[in-house]
Amino acid sequence: MTGPLLVGRDLHKTFGATQALRGADVSVRAGEVLAVMGPSGSGKSTLLHCLAGIVTPDSGSIEYQGRDLVAMSDAERSALRRTDFGFVFQFGQLVPELTCLENVALPLRLGGVKRKVAEAKARQWLERVEVGELGARRPGDVSGGQGQRVAVARALVGDPQVVFADEPTGALDSLNGETVMQLLTEAARSANAAVVLVTHEARVAAHSDREIVVRDGTATDRELVS
Ligand SMILES: Nc1ncnc2c1ncn2[C@@H]1O[C@H](COP(=O)(O)OP(=O)(O)OP(=O)(O)O)[C@@H](O)[C@H]1O
């Protein structure tokens with residue numbers, strides 16, 4: 001078996017007086033869907049943000065494909081996020097001024113891909129997540145479930161190695177949530193992208209291959225041999 005794609009060890013992070021992480025270990029293997037579970041306020045989102053290079057931990061190490069994420073410059077981390085990572089958040093966070101098609105094409109456009117090529121790929125992804133007819137609409141004119149499908153397409157359009165999903169169905173009813181989870185995990189599995197999925201719902205975590213639990217800022221990953 002090959003080693004993990006992404007490993008965080010002994011991560012600590014404090015915000016003011018709040019110790020959000022106090023010794024969290026986690027590993028992500030290529031292509032796996034990993035659920036990060038735990039009660040509200042336990043540190044799940046902070047852990048995801050650290051692994052994704054959005055938040056810098058106060059101490060601990062993060063290795064992505066053997067590269068030290070903490071030691072990278074901000075510019076290097078931003079470039080890595082653009083080329084290797086995709087993101088889906090609770091409220092799609094689509095750009096309201098852009099059409100759904102332009103939103104999906106955006107990660108490619110930011111990476112320098114020509115408009116025609118980016119939009120052709122974006123169109124394929126919109127069809128893949130069954131909202132091909134919504135390309136010309138703006139996010140404000142689609143439903144919450146449709147918006148999350150667009151967000152899934154945007155997360156996967158750049159062929160990421162890892163998709164970070166923070167409560168991606170948190171704002172949806174259970175039927176829409178189930179559909180979005182199915183589309184996200186099927187799309188990621190067929191693209192061999194790993195998914196780091198923060199959720200406190202067992203029904204959502206049921207779509208994962210493996211689970212870790214964060215409690216009071218700590219997490220233990222049995223896959224990690226220190
Ligand atoms: N930017 C921040 N500034 C101040 N405190 C923060 C910040 N981010 C997180 N925290 C605090 O750190 C702790 C862990 O928060 P975090 O969002 O990681 O937990 P969570 O498990 O994802 O919670 P939830 O399930 O409610 O989203 C909480 O006490 C939270 O208030």
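The protein chain holds seven helices and ten strands. The model is a predicted one. Its 226 residues would give a compact globule a radius of gyration near 17 Å, and the chain agrees with this because its own value is 17 Å. Along the principal axes, the C-alpha trace spans about 50 × 40 × 35 Å. Buried residues account for 44% of the chain. Among contacts between residues at least 6 apart in sequence, 73% link residues at least 24 apart.

Strand S1 covers residues 6–15, and strand S2 covers residues 18–28. The two run antiparallel and are joined by eight bridges. They form a hairpin, with two residues between the strands. Gly16 lies in the turn and has a positive phi of about 55 degrees. S1 also pairs with strand S4, residues 59–64. This pairing is antiparallel too, with five bridges. Ser27 stands opposite Val7 in S2, while Glu63 is the bridge partner of Val7 in S4.

Helix H1 spans residues 44–51. The helix is mostly covered, with six of its eight residues buried. These are Lys44, Thr46, Leu47, Leu48, Cys50 and Leu51. After H1 comes Gly53, with a positive phi near 75 degrees.

The shell around the ligand has 13 residues. Phe15, Ala20, Ser40, Ser45 and Thr46 come nearest. S2 and H1 each supply at least two residues of the shell. The largest share, three residues, comes from H1. By class, ten shell residues are polar, two are nonpolar and one is charged.

The interior was then considered. In soluble globular proteins, nonpolar side chains tend to be buried together. The largest nonpolar core here contains 65 residues. Val36, Leu47, Leu126, Val195 and Val196 have the most contacts inside this core. Helix H5, residues 144–156, gives the most to the core, with six residues.

Leaving aside neighbours within four places in sequence, Val196 is in contact with Val28, Leu34, Val36, Leu48, Leu51, Val162, Phe164 and Ala165.

Notes
Residues are numbered from 1 along each chain as its sequence is written. This is a predicted model: local features need pLDDT of at least 70, side-chain atom pairs count only at pLDDT 80 or more; totals for chains, interfaces and linings use all residues. Two strands pair if DSSP finds at least two bridges between them. Helices (H or I, at least four residues) and strands (E, at least two) are DSSP runs, numbered from the N terminus. A residue is near a molecule or strand if its C-beta atom, placed from the backbone, lies within 6 Å of it. Ala, Val, Leu, Ile, Met, Phe, Trp, Tyr, Cys and Pro count as nonpolar, Asp, Glu, Lys and Arg as charged, and the others, Gly among them, as polar. A nonpolar core is a set of buried Ala, Val, Leu, Ile, Met, Phe, Trp, Tyr and Cys residues joined through C-beta atoms within 7 Å. A residue is buried if 20 or more other C-beta atoms lie within 10 Å of its own, exposed if 12 or fewer, and partly exposed in between; C-beta atoms are placed from the backbone. Two residues are in contact if their C-beta atoms, placed from the backbone, lie within 7 Å. The radius of gyration is taken over C-alpha atoms; the globule rule is 2.2 Å times the number of residues to the power 0.38.
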